[in-house]
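Trainee: I have not looked at this structure before. Can we go through it together, one point at a time?

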There are 2 protein chains.
Amino acid sequence: MHICEKCCIFAQNFSISLRMRLKEEQYAPMWELSPIWATLTEEERVRVAEQVEIVRYEKNEIIHNDGDESQYVWMLLKGKVRIYKEGIGQRLQIIRLLKPYDIFGYRACTVNEPYNSSASAFEACMVYRLNREFFNELIRENGKFCYEVMLMMAKDLAFSEIQTVNLTQKHIRGRLAESLLLLLKNYGYEEDGQTLAMLLPREDLANMSNMTTSNAIRTLSQFAQEGIVGIDGRHVKILNEKALERISRLG
Amino acid sequence: MHICEKCCIFAQNFSISLRMRLKEEQYAPMWELSPIWATLTEEERVRVAEQVEIVRYEKNEIIHNDGDESQYVWMLLKGKVRIYKEGIGQRLQIIRLLKPYDIFGYRACTVNEPYNSSASAFEACMVYRLNREFFNELIRENGKFCYEVMLMMAKDLAFSEIQTVNLTQKHIRGRLAESLLLLLKNYGYEEDGQTLAMLLPREDLANMSNMTTSNAIRTLSQFAQEGIVGIDGRHVKILNEKALERISRLG
DNA sequence: ATAAATTTATGTTTTTTAGCATATTTTCAC
DNA sequence: GTGAAAATATGCTAAAAAACATAAATTTAT
């Protein structure tokens, strides 16, 4: 593909053109938000600018379903997303939690397979969305981009294997502690420096931790009684991170 | 790197030169054994020929340990290998089983991280071994090779996520059935068409299936009593594959 | 603001699985 | 081949977690 003057001008004005599309909210172009897209050439950025769509998903809206033909790669711009699989008897297992600028749906796209998990929005979300075929074009033509996608997959694979052992071998308390620390690592604290910046229903906490909802409720209450966490509805304060780490480590 | 006449001749005679190194046993060059290495250019094949080592590991010998600095990428030539993680209280979880021409250790190498799992030989094994730095050179300079490595990782990631749900949500019988089917899929049958071509100690079967050894023994005996499998020491016959699939599916 | 629905809390029972004990069989080293 | 060690088999007990039940609190829709 050629790079004509017109394209270059378009590229330079890209953020402006994007902002025109999206009336209410403004987002930087992808390559400013994640090092993965920063590997794209100017010419590729122009094409991305032409292809990318901005989509809004409402609270609890399903973005893709396990088994659906893969069609899009997404980058989360705003909000939080859960990636999960449905196992035996409609029991969900949350595999991964996403925060802004995380990329998802890409694994299935790279291998042209159906998605092997589902994604839904915890809260109202904004995403960039790219077509599978276009994403694969980028991977095939740009070695650096392919390399970055591979590195991202390597991270996801390591996490998945660690989680397998965490979820199978640790006892309930260890699994819950693990999940709370994960939430902390992923989303951090509110301004007060101890309340988790994530209002998570107990059911989701259970689905992260491979336990029933009532055990998540019960065990979290126990942690509160022991002064390890503070509970105020869905607001959870981490009062003793060291204790959580110890419980998580010992299983 | 240049491609001189000498190199070309060397490349053409590569398999012979390899066979000279390895006195007892002969193996085809990597690019004939796995599509991943087939993406290498002639020039790269020459360098691989210079770099590759053939190593033998004895029964139960550890190939790499979780936490070790990553140094090599391996391709299994002969034998069987278990990839596992140690969790709580020395309890092992087998993450993956390898058969000839499977590649392992590559994830840690791509990200220059320590291995995040251990590998040991079920039985005496032969492997090709490549240096991490050289492997990364290949990835960085050859987009097609990088793409193949990414695809391999995508497969491993999908498998890992499926296993997480299998191991956490299914009951003992479901998990054992799952493991037996996995062994079947991976290693197939003996000549008789029903004995698993894998003599697996019950302890390993337990470590695959997230259960204690005595539960693996007990549950396998139950399957035998129900006529689903036949047991003759470590030789396991699959008598009713459909039943195993049903048990695995229902959890 | 109020009623209905959902979520959280907590106690009890049942099921599942681990842990332990012991006997038997098989494998391995010499 | 023989004895020691390891692996397999099986029963019993204890612990862990799910399932169920019910009530209270919170959220949501109107």
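What follows is a set of questions and answers on this predicted model.

Trainee: Into which domains is chain A divided, and how many Å apart do their C-alpha centres lie?
Mentor: Chain A is divided into domain 1, residues 25-166, and domain 2, residues 170-250. The C-alpha centres of domain 1 of chain A and domain 2 of chain A are separated by 26 Å.

Trainee: Which strand supplies the largest share of the side of domain 1 of chain A that touches domain 2 of chain A?
Mentor: Nine residues of domain 1 of chain A are in contact with 10 residues of domain 2 of chain A. On the domain 1 side, strand 4 (81-86) and strand 5 (92-98) of chain A each supply at least two residues. By class, that side has four nonpolar, two polar and three charged residues. The largest share, four residues, comes from strand 5 of chain A.

Trainee: Is helix 9 of chain A largely enclosed or largely open, and which elements do its buried residues pack against?
Mentor: A residue counts as buried when 20 or more other C-beta atoms lie within 10 Å of its own. Six of the eight residues of helix 9 of chain A are buried, so this helix is largely enclosed by the rest of the structure. The buried residues are Asp204(A), Leu205(A), Ala206(A), Asn207(A), Met208(A) and Ser209(A). They pack against strand 4, strand 5, helix 8 (172-187) and helix 10 of chain A.

Trainee: Which residue just after helix 9 of chain A takes a positive phi?
Mentor: Most residues other than glycine have a negative phi. Just after helix 9 of chain A, a positive phi of about 55° is found at Asn210(A).

Trainee: Asn60(A) and Gln90(A) also have a positive phi; where do they lie, and are they buried or exposed?
Mentor: The phi of Asn60(A) is about 65°, and this residue lies in the loop between strand 1 (53-57) and strand 2 (62-64) of chain A. The phi of Gln90(A) is near 60°, and this residue lies in the loop between strand 4 and strand 5 of chain A.

Trainee: Which element gives the most residues to the surface near DNA strand C?
Mentor: There are 17 residues around DNA strand C, and those that come nearest are Arg202(A), Ser214(A), Ser221(A), His171(B) and Ile172(B). Two or more residues each come from helix 9 (202-209) and helix 10 (213-225) of chain A and from helix 10 (213-225) of chain B. By class, this surface has six nonpolar, seven polar and four charged residues. The most, five residues, come from helix 10 of chain A.

Trainee: Which strands stand at the edges of the four-stranded open sheet of chain B?
Mentor: The order in this sheet is 1-8-3-6, with antiparallel pairing. Each edge strand has a single partner strand, so one side of each is left without a neighbour in the sheet; the edges are strand 1 (53-57) and strand 6 (103-104) of chain B.

Trainee: Which residue is the bridge partner of Met75(B) in strand 6 of chain B?
Mentor: Strand 3 (residues 72-78) and strand 6 of chain B run antiparallel and are joined by two bridges. In strand 6 of chain B, the partner of Met75(B) is Ile103(B).

Terms used: Residues are numbered from 1 along each chain as its sequence is written. Chains are lettered from A and ligands numbered from 1 in the order in which they are written. This is a predicted model: local features need pLDDT of at least 70, side-chain atom pairs count only at pLDDT 80 or more; totals for chains, interfaces and linings use all residues. A residue is near a molecule or strand if its C-beta atom, placed from the backbone, lies within 6 Å of it. Ala, Val, Leu, Ile, Met, Phe, Trp, Tyr, Cys and Pro count as nonpolar, Asp, Glu, Lys and Arg as charged, and the others, Gly among them, as polar. Domain bounds come from an automatic or database domain assignment. Two residues are in contact if their C-beta atoms, placed from the backbone, lie within 7 Å. A residue is buried if 20 or more other C-beta atoms lie within 10 Å of its own, exposed if 12 or fewer, and partly exposed in between; C-beta atoms are placed from the backbone. Two strands pair if DSSP finds at least two bridges between them.
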